[in-house]
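Here is a short briefing for a first look at a structure. Take a moment with the sequence and the model before reading on.

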Amino acid sequence: MQRSAAVRRSRDRIAGQVRSLLDAALELIAEKGDTSFTTQELAKQAGVALQTFYRYFASKDELLLAVIGDAMADACARWAAAGRELDDPLARLRLYITSVLAGIPSAGRDDATARFIVSTRWQLHRVFPKELAAAEQPFVDLLAAEITAARDAGLLRSADPCADAWYIAELTRAVYHYYAYAPAREGVAEGLWGFCLRALGGEAPATS
């Protein structure tokens, strides 16, 4: 029993240190507008020793991968929780797709976090393609579950919900990436949703 308590304390300490490093990275990204900070600056911001950083991450790129994975997991958990309030699988699918684009910087707002995601993703894709795909898989899984449910309910036509979910996730990401640097356009989220709905064989939303 004493050993179990010690193990729990150790795990809590590790989780706390990793959380501090991830939060510190986000703070520095927001402050500097990019990822130009050093590992020394990161450790100082997190309030840990530099060797603590290297205890958990072999490189700065590994840390940035963890930041993106953590952000994706957190966002998908929030979207899934909101989706549980909706009975219609199409409504849940729309929620997930449009929620991603809610992160597009609004007019006149310089969003360092959005630009970090865009620029860093391609850097990490070259170094950690499999790991990055795994970090982004929760969003694909959210989409696939609702495409399957809607197909089974006769609301969509999809021969392969998992493949369709991947293509929609990639398209949604591409639109998000574009508007992270371009002026925001009114109605882009609903436009994307309508396009995806038609591509899946669903009935196009009515226009007024």
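Is Leu101 buried or exposed? Leu101 has a relative accessible area of 6%, which is under the 20% cut-off, so Leu101 is buried. The model is predicted. The protein chain has nine helices and zero strands.

**Overall build**

- Along the sequence, the protein chain reads α-α-α-α-α-α-α-α-α.
- The protein chain has 208 residues, and buried residues make up 41% of them.
- Take the contacts in the protein chain with a separation of 6 or more: 65% of them come from residues 24 or more positions apart.

- Leu101 lies in helix H5.
- Not counting residues up to four places away in sequence, Leu101 touches Thr172, Val175, Tyr176, Val188, Ala189 and Leu192.
- Leu101 and Arg173 are 72 residues apart in sequence, yet their C-alpha atoms are 8.6 Å apart in space.
- Leu90 is also placed in helix H5.
- Leu90 has 16% relative accessibility, under the 20% cut-off, and therefore counts as buried.
- With neighbours within four places in sequence left aside, Leu90 is in contact with Ala150, Leu155, Leu156, Trp193 and Leu197.
- Leu90 and Ala149 are 59 residues apart along the chain, and 8.6 Å separates their C-alpha atoms.

**Aromatic pairs**

- How many aromatic pairs does a search of the whole structure find? The search finds five.
- In one of them, the ring centres of Trp79 and Phe139 are 5.7 Å apart and the planes meet at 70°; an angle over 60 degrees counts as edge-to-face, so this pair is edge-to-face.
- This pair links distant parts of the chain, 60 residues apart. Trp79 is in helix H4 (residues 60–83), and Phe139 is in helix H7 (residues 129–152).
- Trp79 counts as buried because its relative accessibility is 13%, under the 20% cut-off. Phe139 is buried too, with a relative accessible area of 4%.
- Trp166 and Tyr167 also form an edge-to-face pair, with 5.1 Å from centre to centre and 75° between the planes.
- Trp166 is partly exposed, at 41% relative accessibility. Tyr167 is exposed, with a relative accessible area of 55%.
- Phe53, Tyr54 and Phe57 are linked into a cluster by ring pairs.

**Charges over rings**

- Lys60 lies over the face of Phe37, 4.5 Å from the ring centre.
- Arg121 has its charged end over the ring of Trp122, at 4.8 Å from the centre of that ring.

**The largest pocket**

- The largest pocket holds about 670 Å³ of space.
- Its lining has 30 residues, and the closest to the pocket centre are Ala71, Met72, Ala75, Ile117 and Tyr176.
- Which helix gives the most to this lining? H4 does, with nine residues.
- At least two lining residues come from each of helix H1 (2–32), H4, helix H5 (89–101), helix H6 (112–127), H7 and helix H8 (161–181).
- By class, the lining of the largest pocket divides into 16 nonpolar, five polar and nine charged residues.
- Tyr176 is among the residues closest to the centre of the largest pocket. Tyr176 is also among the residues that Leu101 touches.

**The second largest pocket**

- About 150 Å³ of space lies in the second largest pocket.
- Its lining consists of Arg121, Trp122, His125, Pro129, Leu132, Ala133, Glu136, Gln137, Val140, Trp166, Glu170 and Arg173.
- H7 gives the most to this lining, with six residues. H6, H7 and H8 each supply at least two.
- Six residues of the lining are nonpolar, two are polar and four are charged.
- Arg121 and Trp122, the charge and ring described above, both line the second largest pocket.
- Trp166 of the edge-to-face pair with Tyr167 is another residue of this lining.
- Arg173, whose C-alpha is 8.6 Å from that of Leu101, lines the second largest pocket as well.

Technical notes
Residues numbered from 1 in each chain as written. Predicted model: local features only at pLDDT ≥ 70, side-chain atom pairs only at ≥ 80, totals over all residues. Heavy atoms only, no water. Phe/Tyr/Trp six-rings, centres within 6.5 Å; stacked < 30°, edge-to-face > 60°. Helix = DSSP H or I, 4+ residues; strand = E, 2+ residues; numbered from the N terminus. Buried < 20%, exposed > 50% of the residue type's maximum accessible area, 1.4 Å probe, protein only. Lys NZ or Arg CZ within 6 Å of the ring centre and 35° of its normal. 1 Å grid on protein atoms, 1.4 Å probe; cavity = no way out; pocket = protein on both sides within 12 Å on 5 of 7 lines; lining within 4 Å. Points joined across faces, edges and corners; volume = space filled by probe spheres on them. Nonpolar A, V, L, I, M, F, W, Y, C, P; charged D, E, K, R; others polar. Contact = heavy atoms within 4.5 Å.
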